[in-house]
Amino acid sequence: MGIKGLTRFIDDHGAILTDYHFRNSKLVIDGSNLYHSLYFNPCVDQQHGGDYDDFENQVCKFFKALRDCGIEPYVVIDGGSDFSDKKFETLLHRVQSTLNTANNLSKGLQGDRIIPTLVKQVFKQVLSSLKVPFAQCIFEADQEIASLAQRWNCPVLSYDSDFYIFDIQAGYLPISHFKWQNASTQRWSSQNYIPCKRYTTTSFCRHFNINRKLLPVFAAIVGNDYVNLDKMGFPIRWEDNSPMEPNRRPRVVFFNKLLKWLSDFKQQQEALDNVPRLIVSRNNQHNMDAALQALSRGIKVYQLTLSCLEKFFIKGKAPDPGHLPDHLSVLPDWTLLPLMKGTLPSCIIYILQLKPVIQGVQVEDHSFPSGNNTSRPIRQVVFGLLLGERREVKEYDREGINLTSSMVKAILPRAAQQMQLDMLNQAPHSVRLEVFLETLGVSQSTLNGLPSHLGLPVAVTYYWLRHAHLQPDHRLLQALLLGLVYGELCRQRKSQRGFIEEGPVLGRLRGLIQRGARSLDLAVAHAYSQWQRCMRDCLDLNQLLCFPLSEPQIAWLYRGTLVHQLVGKLRGVVTPDSLLMEDPSSGQLYRAMLEAILNSQETEATGQPDGPSADSGAGGGRG
């Protein structure tokens, strides 16, 4: 998000950014930008659906570097409650661009970067485990972030170019220049620091000789997420009569001419009053009032306000429901605090406002239906719990490689017929659990005997096997469950801070990872893409139902490069038993998950109640 071309423009004017040794300070962090940056900072695999354990490790290293330098982080994750149609158009354009990237990656071509399905969920969980204060903002996050930083007189860390416009006294630290991996640290020293570059509006305005009050006017005229004069039919034409449309001529020329023009004014209104002299309408039906109103909206987004985040971070309290803007009045009171804590999915804000929902994009076979179709029945229950039956939600998803929309009906399972959204958090646990299990078609007996934190992944896997487009073969199931065993072993070892030995199973599986990723099998990628979509939507449903099942540690559920390797090995001469030998507990966990799923399939096929568990002896044919 932000202002196209502005980051490069400022980087090219080196004097505007100053070298800075950052230490012993609060720091307000744009969380959405940070998790993108941390996932892509190392050399990561993008074709196989995500290596979430590596990402978790990267997040931990980042916040350790901050702690070592006396930096107190406050992370703000965008909840996306913007309700302007203009920004939505920008989002659609970017999702289509991401679709093109995913299509290129699916063909083995180089392209831009694509974020895996569960990165945001992993990021929030890691922040919680590290006890890093974070908020999922229910308002437009940029304005809240800037206002909080101004209130606390500390800088903002982000790579959103909108922060070049906000007048933040302590400045803005672009992530691209924040060298946390090169932190200067000595144990117990108070002089440790992170080398970075700092931007202030003072340095920018001094360089271009303009009043800082005019920066929002500059941003609105060149075009941000809310206003684009050229697309509205109002191109800028300078006094020399040369057309200077931002999307057709070099941005740097446009920026320089506009800044020179703005240097003649002292106040925003004075500059706005002179804008009509720059605009030539290409359509007589357009009127100047429309252009000026659009500019005013684009300027308003940079006004610093009283942030609700300070109250949340200091007192742990959500905004007063009576003080919410009108478009958020649809949120039940009980949802406000969980939303800000990140324990409710932010998508419910859009759904309750009957705003369109944009589905995520992943590397998959684009000749097949979107992987999001597989988990649509789960989302339909989410829609039903929020809106009631017989309502519809507009979803954007891919058809082939093009973004299209469709109306998706809300449904309610039998167990949820008497549930009311305003009181959903007070429904008995047994009822909430029944709704969840009915949605996935899983019985409680399926999960008996499994570790509580693996009940949800097993339920998701059972649902995936029944609903996936092109039913996954047995090797795909085996590889996925072996991946869960790998994650469990890693989780246990990390909880002991590495004091327990790696063990033979973990060693074998790590050996497969070290051999590097296999060339992409698109059918396998498509199958596991569907599994991740099912996992994402089940996590949302579980949160909305106030956690009838324990939420698993998501970083340990899926490692794409490993499970793709495992599928190839299992289709050869390798067996699960050969990978699990010498570790009885790992073999027992694998068989418990496999048999829970296969027993449920048999029960469904026969229509009989769950019978006794299948033989779980080592070396069974199902392994």
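This is a predicted model: local features need pLDDT of at least 70, side-chain atom pairs count only at pLDDT 80 or more; totals for chains, interfaces and linings use all residues.
Colleague: In which helix is Gln530 found, and which residues does Gln530 touch beyond four places in sequence?

Modeller: Gln530 is found in helix α21. Leaving out residues up to four places away in sequence, the residues that Gln530 touches are Gly371, Thr374, Trp464, Ala468 and His469.

Colleague: Is Lys394 buried, partly exposed or exposed?

Modeller: Lys394 is found in strand β9, residues 392-399. Its contacts, apart from neighbours within four places in sequence, are Lys355, Pro356, Val357, Ser405, Ser406 and Met407. Lys394 is at 31%, so it counts as partly exposed.

Colleague: How far apart in space are Lys394 and Ile115?

Modeller: In sequence, Lys394 and Ile115 are 279 residues apart. From C-alpha to C-alpha, the distance between Lys394 and Ile115 is 23 Å.

Colleague: What span should helix α16 have, and how far apart are its end C-alpha atoms?

Modeller: Helix α16 covers residues 429-440, which is twelve residues. At 1.5 Å a residue, taken times one less than the number of residues, α16 should span 16 Å. That agrees with its end C-alpha atoms, which are 17 Å apart.

Colleague: Which residues of α16 are buried, what covers them, and which residue follows α16?

Modeller: The buried residues of α16 are Arg432, Leu433, Val435, Phe436, Leu437, Thr439 and Leu440. Their cover includes α15, α17, α18 and α21. The residue that follows α16 has a positive phi, near 70°, and is Gly441.

Colleague: How are α20 and α22 oriented to each other?

Modeller: The axes of α20 (residues 504-514) and α22 (residues 560-570) come within 9 Å. Leu509, Leu512 and Ile513 in α20 meet Leu562, Gln565, Leu566 and Lys569 in α22. By class, this contact has five nonpolar, one polar and one charged residues. The axes cross at roughly 100°, so α20 and α22 are roughly perpendicular.

Colleague: How many residues does the largest nonpolar core have, and which helix gives the most to this core?

Modeller: The largest nonpolar core has 200 residues, and Phe62, Phe63, Leu385 and Tyr528 are among those with the most contacts inside it. The helix that gives the most to this core, with eleven residues, is α19.

Colleague: Which residues does Leu385 touch beyond four places in sequence?

Modeller: Leu385 is among the residues with the most contacts inside the largest core. Not counting residues up to four places away, Leu385 touches Leu412, Ala416, Met419, Leu421, Leu424, Leu541, Leu544 and Leu545.

Note on methods: Residues are numbered from 1 along each chain as its sequence is written. Side-chain values use heavy atoms; hydrogens and water are left out. Axes are lines fitted to C-alpha atoms, for helices over the stretch in contact, and angles run from 0 to 180 degrees between N-to-C directions. Helices (H or I, at least four residues) and strands (E, at least two) are DSSP runs, numbered from the N terminus. Angles under 35 degrees count as roughly parallel, over 145 as roughly antiparallel, 65 to 115 as roughly perpendicular and the rest as oblique. Contact means heavy atoms within 4.5 Å. Ala, Val, Leu, Ile, Met, Phe, Trp, Tyr, Cys and Pro count as nonpolar, Asp, Glu, Lys and Arg as charged, and the others, Gly among them, as polar. Buried means under 20% relative accessible area, exposed over 50%, partly exposed in between (1.4 Å probe, protein chains only). A nonpolar core is a set of buried Ala, Val, Leu, Ile, Met, Phe, Trp, Tyr and Cys residues joined through side-chain atoms within 4.5 Å.
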